[in-house]
Amino acid sequence: MSLLATHDLTAGYGDFQALFGVDIALDEGETIAIIGANGAGKTTLMRSIAGVLRNAPQMVTFEGRQVGALPADEIVGLGIAMVPEGRKLFPSLSVEENLLIGAHGRSGNGYWSLQRIYDLFPILKEKRRVPGTSLSGGQQQMVAIGRALISNPRVLLCDEISLGLAPVVIRDIYAALPQIQEAGAAVIVVEQDIGQAMKVADRVHCMMEGRVTLSGAPSDLSRDAIHNAYFGAAA
Amino acid sequence: MIWIDTIAQGILLGGLYALFAAGLSLVFGIMRLVNLAHGDLIVLGAYLILLVVSILGINPFLAAAIAMPVMFGFGWVLQRLVLNRVLGEDILPPLLVTFGLSIVLQNALLEGFTADSQRVRAGPLETASVDLGAVTLGVMPMLTFASAIVVIVALNQIFYRTALGRAFRATSDDPVTASLMGIKPASVFAVATGIAMIVVTIAALYLGMRSNFDPTIGPARLIYAFEAVIIGGLGSLWGTLVGGIIIGVAQTVGAAINPEWQILAGHVAFLVVLLIKPRGLFPRAYD
Amino acid sequence: MIQTHTYTVQTRTPASQLAAIGAAILLIVAVAVPLFASRSLIQDLFFILTMLTLAQFWNLLAGYGGLVSVGQQAFVGLGAYALFGAAILWGMDPVAALMLSGIAAAVVAVPTAFFAFRLQGAYFAIGTWVVAEVVRLSVAQWKAVGGGTGTSLPPDARDFWGVATVESLFDVRASAARDIVTYWLALALAVVTVGGIYWLLRTKRGLALAAVRDNIEAAKSVGVDAGRMKWLVFIVSAFGTGVAGGLIYLQKARISPDAAFSVTDWTAYVIFIVVIGGIGTIEGPIIGVLVFFALQSLLADFGSWYLMVLGGLGILVMLFAPRGLWGLISNKTGLQLFPIRRRLYPTPKK
């Protein structure tokens, strides 16, 4: 049985349907990547899993439990944490407060503590007193990741964590991934950077227009197959 | 010398207005909700204290301590059952609902307590004063002012030093992302309104002990509170105290010139500040 | 073969045409009411018509302009005092002075808007309230019209334009004749108000107004000057509210600052009428004023219970039917008596 899975997941905003029957599954200790162009439904998928968008109960299962209809604050409590697209740090909180607030929903013991986050991203300790939003983009991303980790999640959802960052910064951030995996979190990364996704993921799902169009291990996927799945076969 | 006395009285009166305003400021800061029933809730608190005093025959300060949890509960339920349902982009529903609440509260109090003026008796404290040479200050006004400072310090401590305050600020910044942290905005708002009601009870205690009150005086208190908040700059509690002092001094100075000008002078001071500094004296950097 | 369709733009609906015919018949009946109705019915109708006028202007402000004012009593009171001032100080005929009521309100609306527009959203509401308080407290200092205690309309001013004619035509006493004349004026004012607002909303400006209400950023991006529209709506509403205020106190013939600037009578009631009936529609205030009047008649003997019911009803409507009673009716039936939305209809091929 998978740790986390979606089952024929449909979701949208009002009259606009963004997902049409998405099935993905995440096993314990696994890292999967969701790739696809803008508007493919990747962020909607993340928001549906995280409970920002509420669905029918059976559409999302976590540890065998139907959680599709639970609100975001309860999903965190179960052990699914999200690094939202655009980082979304709280402007009126300092760096340290931004990290601490991540522990609000779940006080369960685990590997991650404030100290361990500072060990992972030492720059944050230096800047812990300044407002989170005054940091550089890469440092803000570190805060957003730390904020999600501090709840000691079983599943970490990372939505577009490399978007808008310089390659060298992206490398630094992805360098933290092995330690996160080792600490016991299964990870879903949403990426537009296909190369990055292929490097870190055990399996890749490619999405287009609200559907998964291609799935497989990075080594099994040819460039052409990805290209077709990404832009449509006719392109 | 009369002017020093007038200004000193005005500053102390500002403490009362800051107490009226602190709850309003707290709720607005966290959920952008302007509660038009705020003044009537203060009056409700005064009647509750009066009721406890007359039933148990105890000191008004003790009575206020008993009223506080009741008012907290009332605020919590009000937020959960009514106000949470109307929060959102559109400002009209919360305004109209709290306006309706204001009318309901006023008339429920009229029905329950009649239109007669009431007062919470505080014994010798009412008339006690301290002679400081140049000015003679009443003990009650000084106590009011000190309470305002204690309330502001306490609220700032909660806001900036506790996990609850962190949740308040995070939810105020971005409720959706806050929910990703495991925060339930609906509960955070309910607790915030509950705390605002505790402040309202403290304001009600002094309102009731310092002067006569009846069910219809709430809206005027709301206006003073609102003026103090705007003058201070939204979201700054110390600014709210300064705003209260400006209104208080304007009123006592106006009254010293012509007793009929007291209230008018306060409003005019507000309009003048608004003209010069539209965002108040201590505006928040971002909003 | 490529088919082309042509469309015509219409705002009319079948229901609105029926409504127009109905309204015309109703208007004729309404004008004729003094021929057969009792004096108390005429007074009730006067009350309904003036409240309807106030409600339509508040709805224009809040429902269409997004300007939630809690200070409209300033303009009611100003209009009333302008009329009393002109009659007492200059001996002006009160009916002619009604124009002055509107002008006085519009003139004070300019600095009011200047202050209040600096405040956003909810703070705008209380800002207008503060201005109304300032106006009330200032007028209470005006000794020539009775200061804080108020005054009555002088006897010669009570014999205003039309009273003598009605007196002899209908063979009634002067007091009844005054009620008839003020009733006709209220009817004219209400008709002009409803018609004028309907016309305004159907013009280009009115459409721009709806755009501003729905999305101020989008409206700006297509070149709607949101600031100018807000000014226009605020001043027009102040003018109309001022005229209504003048007329209300012409009928009452006695004024005091506390009554003329009452937030309960001239703003709270008006807000409940609009909210209960349905904000942002012309039909809403009409339904609202009828419900309001029915409630008032039913609960008149219960004092403050009446206001509690009204406030409670307002809260319930806002929570469970935010578009009001008319919204419920319109949703169920699709009925629109004053259609504003433009619809496309395929033109039949010839």
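B:Gly208 touches B:Ala46, B:Ile49, B:Leu50, B:Arg119, B:Val120 and B:Phe213, leaving aside residues up to four places away in sequence. This glycine lies in helix α8 of chain B. The model is predicted.

- B:Gly208 is buried: 27 other C-beta atoms lie within 10 Å, and the cut-off for a buried residue is 20 or more.
- B:Gly208 and B:Pro60 are 148 residues apart in sequence. In space, their C-alpha atoms are 9.3 Å apart.
- B:Ile49 is one of the residues that B:Gly208 touches.
- B:Ile49 in turn touches B:Pro60, B:Ala63, B:Ala64, B:Ala67, B:Val120, B:Ala204, B:Leu205 and B:Gly208, again not counting residues up to four places away in sequence.
- B:Val120 is therefore on both lists of contacts, that of B:Gly208 and that of B:Ile49.

**Helix α8 of chain B**
- α8(B) has 26 residues.
- From first C-alpha to last, α8(B) reaches 37 Å. That is close to the 38 Å expected at 1.5 Å a residue.
- Of the 26 residues of α8(B), 22 are buried, so the helix is largely enclosed by the rest of the structure.

**The largest nonpolar core**
- The largest nonpolar core holds 283 residues.
- A:Leu157, B:Ile49 and C:Leu83 touch the most other members of this core.
- Helix α8 of chain B, residues 185-210, gives the most to this core, with 17 residues.

**Chain A as a whole**
- Chain A has ten helices and twelve strands.
- Its C-alpha atoms fill a box of roughly 50 × 40 × 35 Å, taken along the principal axes.
- The radius of gyration of chain A is 17 Å. A compact globule of 235 residues would have a value near 18 Å, so the two agree.
- Buried residues make up 46% of the 235 residues in chain A.
- Take the contacts in chain A between residues at least 6 apart in sequence: 66% of them join residues at least 24 apart.

**A hairpin in chain A**
- Strand β2 (residues 9-13) and strand β3 (residues 16-22) of chain A pair in the antiparallel sense. Five bridges join β2(A) and β3(A).
- A:Ala11 stands opposite A:Leu19 in β3(A).
- The hairpin has two residues between its strands. In this hairpin A:Gly14 takes a positive phi near 60°.

**Where chain A meets chain B**
- In this interface, 22 residues of chain A are in contact with 17 residues of chain B.
- On the chain A side, α2 (72-78) and α3 (95-101) each supply at least two residues.
- α2(A) gives the most to that side, with four residues.
- By class, the chain A side has twelve nonpolar, six polar and four charged residues.

**Where chain B meets chain C**
- Here 33 residues of chain B are in contact with 32 residues of chain C.
- Four helices of chain B each supply at least two residues of the side that touches chain C: α3 (60-86), α4 (92-113), α9 (218-232) and α11 (262-276).
- The largest share of that side, 14 residues, comes from α4(B).
- The chain B side divides into 26 nonpolar, three polar and four charged residues.

Key: Residues are numbered from 1 along each chain as its sequence is written. Chains are lettered from A and ligands numbered from 1 in the order in which they are written. This is a predicted model: local features need pLDDT of at least 70, side-chain atom pairs count only at pLDDT 80 or more; totals for chains, interfaces and linings use all residues. Two residues are in contact if their C-beta atoms, placed from the backbone, lie within 7 Å. Ala, Val, Leu, Ile, Met, Phe, Trp, Tyr, Cys and Pro count as nonpolar, Asp, Glu, Lys and Arg as charged, and the others, Gly among them, as polar. Two strands pair if DSSP finds at least two bridges between them. The radius of gyration is taken over C-alpha atoms; the globule rule is 2.2 Å times the number of residues to the power 0.38. A residue is buried if 20 or more other C-beta atoms lie within 10 Å of its own, exposed if 12 or fewer, and partly exposed in between; C-beta atoms are placed from the backbone. A nonpolar core is a set of buried Ala, Val, Leu, Ile, Met, Phe, Trp, Tyr and Cys residues joined through C-beta atoms within 7 Å. The expected span of a helix is 1.5 Å times one less than its number of residues.
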